[in-house]
Amino acid sequence: MINRKTNSEIELMKKSSDILVNALIRLKEAVKPGITTLELDKIAEQYIRKNGAIPSFLGYKSPYRGAIDYPGSICASVNNEVVHGIPGLRALKDGDIISIDIGVYINGFHSDAARTFPVGNISQQAQDLIDATKQSFYEGIKNAVVGKRICDISTSIQEYIEGKGYSIVRDYVGHGIGRDMHEDPQIPNYKFRGANPRLEQGMALAIEPMVNAGSYNVKLLENKWTVVTLDNSLSAHYENTIIVTDDEPVILTGTPE
Ligand code: MF3
Ligand code: CO
């Protein structure tokens, strides 16, 4: 069941999103050769808590038996890591790319966003992948309007990415968001069959293309969280929480890249 947010609920989601964006500003600033992903995690956690909010991801339950609850406040996925990289003692190196995914919970509502940042000087290929991943989100939300359907968003993301010679990850998808971090509907970034709801005013959606430079196949590491590309190619991620309105969609978690 897809719930639609009232105007006052959207105002609460804006508060959550504002804290998220301000955390992203600090993270973007901190991403440099030498910093560890755990240090980035602490920057995010401290900023979120200082603002009276809670990191949405911390303690999130894994669907896998025996896996630990998510131990970070951000996901920090470097180079061939697609999503859910666990913050740790890995220091970033010049030329790396890092996808940072962050969720904030306050006043009963979550917001969720991701960016892929360059570390120092990166290759043109890496920059092109980052740019295309971001642009695919914007191609997708051109269809995030009343009367279109979820699959219109999905298809436009996929067509843009495949037109650039990249591939769209199939195993992870975007989602509705609100009082729960993951609500209906699922939002694949590729054309799919099956339930394909029509978009309505007040829907809150986290749209999050995950794009591989090589094939779309991924594998899960033994920590049961970190997802990497099967062919070791680079991967980028870009995500925003948006609201479908009677006019253009509103991006609640807009900018810092
Ligand atoms: N943006 C991701 C998602 O929508 C982040 C989840 S990380 C987790 O699923 F740890 F919370 F699972
Ligand atoms: Co998400």
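**Reading aromatic contacts in a predicted model**

Ring pairs join Phe-137, Tyr-138 and Tyr-238 into a cluster.

Colleague: How many aromatic pairs does the structure hold?

Modeller: This is a predicted model, and it holds four aromatic pairs.

Colleague: What is the geometry of the pair formed by the rings of Tyr-70 and Trp-225?

Modeller: Planes over 60 degrees apart count as edge-to-face. For Tyr-70 and Trp-225 the planes stand at 75° and the ring centres are 4.9 Å apart, so this pair is edge-to-face.

Colleague: Where in the chain do Tyr-70 and Trp-225 lie?

Modeller: Tyr-70 is in the loop between β1 (54-55) and β2 (74-78), and Trp-225 is in the loop between β11 (218-220) and β12 (227-229). The two residues are 155 residues apart, and their pair links distant parts of the chain. Both Tyr-70 and Trp-225 are buried.

Colleague: Is Phe-137 buried or exposed, and what does Tyr-138 count as?

Modeller: Buried means under 20% relative accessible area. Phe-137 has 0% relative accessibility and therefore counts as buried. Tyr-138, at 27%, counts as partly exposed.

Colleague: Which rings does the charged end of Arg-170 sit over?

Modeller: A charge over a ring is judged from the distance to the ring centre and the angle to the ring normal. The charged end of Arg-170 sits over the ring of Tyr-216, 3.9 Å from its centre. That charged end also sits over the ring of Tyr-190, at 5.3 Å from the ring centre.

Definitions and conventions
Residues are numbered from 1 along each chain as its sequence is written. Chains are lettered from A and ligands numbered from 1 in the order in which they are written. This is a predicted model: local features need pLDDT of at least 70, side-chain atom pairs count only at pLDDT 80 or more; totals for chains, interfaces and linings use all residues. Side-chain values use heavy atoms; hydrogens and water are left out. Rings of Phe, Tyr and Trp (its six-membered ring) pair if their centres lie within 6.5 Å; planes under 30 degrees apart count as stacked, over 60 as edge-to-face and the rest as tilted. Helices (H or I, at least four residues) and strands (E, at least two) are DSSP runs, numbered from the N terminus. Buried means under 20% relative accessible area, exposed over 50%, partly exposed in between (1.4 Å probe, protein chains only). A charge sits over a ring if NZ of Lys or CZ of Arg is within 6 Å of the ring centre and within 35 degrees of the ring normal.
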